[in-house]
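Here are my notes on the model, as numbered points. Have a look at the structure first, then read on.

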Number of protein chains: 4
Amino acid sequence: MPETYRTSIGVSTLDSIRLLGKDLPHELMGEVSFSDLAFWLVALRRPTQGESRMFGAVLVALADHGLTPTVLAARLTLTSAPESIQGAMAAGILGGGSRFLGVVEDAARFLAEGLRADEPHAEVARALVQRHPRIPGLGHPVHKDGDPRTPVIYALAEETGTLGPHLRLLRAVAAAHSELTGRKLPINGAGSCGAALADLGFDPGIIRGFALVARAAGLLGQIAEEIRDPIGLRLYDAVDRHAQYVDPR
Amino acid sequence: MPETYRTSIGVSTLDSIRLLGKDLPHELMGEVSFSDLAFWLVALRRPTQGESRMFGAVLVALADHGLTPTVLAARLTLTSAPESIQGAMAAGILGGGSRFLGVVEDAARFLAEGLRADEPHAEVARALVQRHPRIPGLGHPVHKDGDPRTPVIYALAEETGTLGPHLRLLRAVAAAHSELTGRKLPINGAGSCGAALADLGFDPGIIRGFALVARAAGLLGQIAEEIRDPIGLRLYDAVDRHAQYVDPR
Amino acid sequence: MPETYRTSIGVSTLDSIRLLGKDLPHELMGEVSFSDLAFWLVALRRPTQGESRMFGAVLVALADHGLTPTVLAARLTLTSAPESIQGAMAAGILGGGSRFLGVVEDAARFLAEGLRADEPHAEVARALVQRHPRIPGLGHPVHKDGDPRTPVIYALAEETGTLGPHLRLLRAVAAAHSELTGRKLPINGAGSCGAALADLGFDPGIIRGFALVARAAGLLGQIAEEIRDPIGLRLYDAVDRHAQYVDPR
Amino acid sequence: MPETYRTSIGVSTLDSIRLLGKDLPHELMGEVSFSDLAFWLVALRRPTQGESRMFGAVLVALADHGLTPTVLAARLTLTSAPESIQGAMAAGILGGGSRFLGVVEDAARFLAEGLRADEPHAEVARALVQRHPRIPGLGHPVHKDGDPRTPVIYALAEETGTLGPHLRLLRAVAAAHSELTGRKLPINGAGSCGAALADLGFDPGIIRGFALVARAAGLLGQIAEEIRDPIGLRLYDAVDRHAQYVDPR
């Protein structure tokens, strides 16, 4: 009996390309937005109109955040290997780790664990804050008085009917943190986006992936700019001029 | 005088995040689709309604094509490093090279070069076919009688008012090829998508990047499926059982 | 005051290239083996003769292990992007994660934690086995009766005078595991190599990196073979022929 | 008839691990240097003593060149994803493209093409210089008066009996270039290393791979330094503070 490889995503034959059980050219191209397709590919169902609007807003929120370390890694890789856009983009994607983009996943996981207890959010929130010295999704190195993306995420969730337990618990956690510690740490964009994706039904284990898809678009913008108006060599030069050899002993 | 790094993409301050000169939370989130943002990040202008529809259809067309080598590379990377979704996605992105996704760029470049000559498309097409033994964008290993995406790309281009010189020349090239060689090689999806992106105003040098952004969504679907219903270890096992040592001498 | 970037590795001037405080062309090229240089670059000191022999044997042990998932990922990436050897090698490197190569690091970390307690190895080993349901470095899916690399690692460590607490504790852990569980799980190659690298003085946090350097050589051999005698397209074809669409509902 | 996958590299059974037709633990570990194994994995034969010495010197020459763009890409990737050493190393490997490391391959290819003509080196060299506006392997942005690695490569080649047609032709090309253009462009390290690898019998198509293996060791040193004494966040900060938004219109 031959090995078979099951898939629910795409299959092709001589005269058809099927994706997610649909005829790609006739039922998807021009019929579904790219953002909805990204949702569908993971959820294996088409988003509702409200979900579609919310999900698209989250991808837009996560697409770019300026000349971050991962953007610089992509641009410097293009400097060395200008013939390989895929290499530059892959280098940028590789920075989607624990320190920056990973917070989207960490916040979702943290909240999902809190929600396992079937108790009021306020109580769960207080318990979480007491147990965890550092709460993923709270605080931001730049936006110290509040991440401007967060209120918009909450307003859109309300408006689209997708405000769910993760976003609610996150708000309760921020309040409990403020109350118990006396410090005011705002909910950051990664935290509210992670909670919003969890409220859309996604498992924490895949949520970082949406941040990577969003970032792929941002990285392409940055790569296009690096082609037009490069900074890679100047950046290298700035480091090289200020490199200082230190004897390790 | 300090070094400055110019950018037209994103900048943040204490209380604002700006992207493409707009206020990200208030002017972009919930106001622009993710697909339009991807266009905007590279073109540095928002697409028109027709361009938006066409561009979205191209991204949808390019998102996935089943268990291709690049998808298998991503899935096998997840098998070895399940803790790093970004590594699996980067491995899949790295397969966006000359043999498969690169055709999108190659076709756009080939057509753009043909269009430099200010002559009727039919004549340019005949000259191109006579000069080039292999035309990027013609022929497909599976869809031998015609790639089902191609007529939909042309219909959408017509409908959205974005049918331009690249798509027109590609059609003339296919006709000239058939006439001059007697063989019928259909316009493949990569070719028509590359021509469509070029007609949307994008430079051939960045066009492969849109295929990568589209593919990022497809790869995420494949990665989610690999988590749910893995094939990586079975694939490894199938190879390992049939590995045969050959003495190189 | 300008920003400076300290480094103890390499600096160049108009007429010199210095590496690790040495004149690269005159004091290193032809004077130090590549393997010793790899040790030196991390330890910031040249290995002794015994350390050099042990370290080289560990790199040789870790270089290749056949057509593993990470090798297949590299070969399939070359199939899609044959113009980019660096992309294929990077894809292979990305598989150096928790499931396979990561065991080298996990074993070193596990043993290093055990060694914090200043107690006899036999007692530490029993406590570790009782606390941990799964011991990194014990057991192998193929080499069920013993990984043939392990006795050679121990013999070389003895011979080169580098047998230290990590290798000793690992042996005690294997004995304790056998005694307490009644099952006989052999010390695998990743485990003994990880312990050997820890005994050479390396921190667990960098040890996986040596497995990656070793694997880079193995991957290059595999990439060269893929160029000479490709299997990527046949592998894709084998999967594609046996792909079976499954409705997700 | 089942699909089989031929390989001349590695195969494992219950109680053996074979590599290159040898018993890995007993015939290779402790018996062959890592550098010789890297040669063997690609050449499928063990190097002679002279080849071993030359090849090792080339790997040492190529291992590191300071805080280059590819090193910065690796360090910045570690900044964002400190949990994934393989991601940082892969990002660094991805910079092994046309602009820097690729020169090793380009020089080898350029010389190999010149050597197809069965004519005296001096004549071939003059013809090459006349045909090519830019000669890969000549000139260096920093080492303007001569790359200090080059004379050592030539001396070692002489000493080890591996000085062959590629290194000889490269010297003739440099002389012809100087004579015909009046400018003095020194042979750079990438050029002499590429020629040396070609003289060791390697095909230009795989030569970049050896630079990547060498660079893997250098990158690990840089990654270890980034863990000990990080510059990634300061580098990001230096760019971020000097980022300047430019309206694209």
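1. Let's start with L20(A), which counts as buried because its relative accessibility is 9% (buried means under 20% relative accessible area, exposed over 50%, partly exposed in between, with a 1.4 Å probe and protein chains only). L20(A) sits in the loop between strand 3 (16–19) and strand 4 (22–23) of chain A. Its phi is near 55°, a positive value in a residue other than glycine. Helices (H or I, at least four residues) and strands (E, at least two) are DSSP runs, numbered from the N terminus.

2. Some housekeeping: this is a predicted model, where local features need pLDDT of at least 70 and side-chain atom pairs count only at pLDDT 80 or more, while totals for chains, interfaces and linings use all residues. Residues are numbered from 1 along each chain as its sequence is written, chains are lettered from A and ligands numbered from 1 in the order in which they are written, and side-chain values use heavy atoms, with hydrogens and water left out.

3. Over in chain C, L44(C) also has a positive phi, near 60°, and is not a glycine. You'll find L44(C) in the loop between helix 2 (34–43) and helix 3 (49–62) of chain C. With 19% relative accessibility, L44(C) counts as buried.

4. S16(C) belongs to strand 3 (residues 16–19) of chain C, and its relative accessibility of 16% puts it in the buried class. Its side chain makes a polar contact with the side chain of T13(C), at 2.8 Å (a pair of N or O atoms within 3.5 Å; within protein, one must be able to donate a hydrogen and the other to accept it, and residues adjacent in sequence count only if both atoms are side-chain atoms). Leaving aside residues up to four places away in sequence, S16(C) touches V11(C), H143(D) and P148(D), where contact means heavy atoms within 4.5 Å.

5. How many residues does each of chain A and chain B bring to their contact? Chain A gives 86 residues and chain B gives 86 residues. About 6900 Å² is buried between chain A and chain B, with carbon and sulfur atoms giving 69% of that area; buried area is the accessible area (1.4 Å probe) that two parts lose on being put together, summed over both. M29(A), F34(A) and V60(A) supply 11% of what chain A buries against chain B, more than any other three residues.
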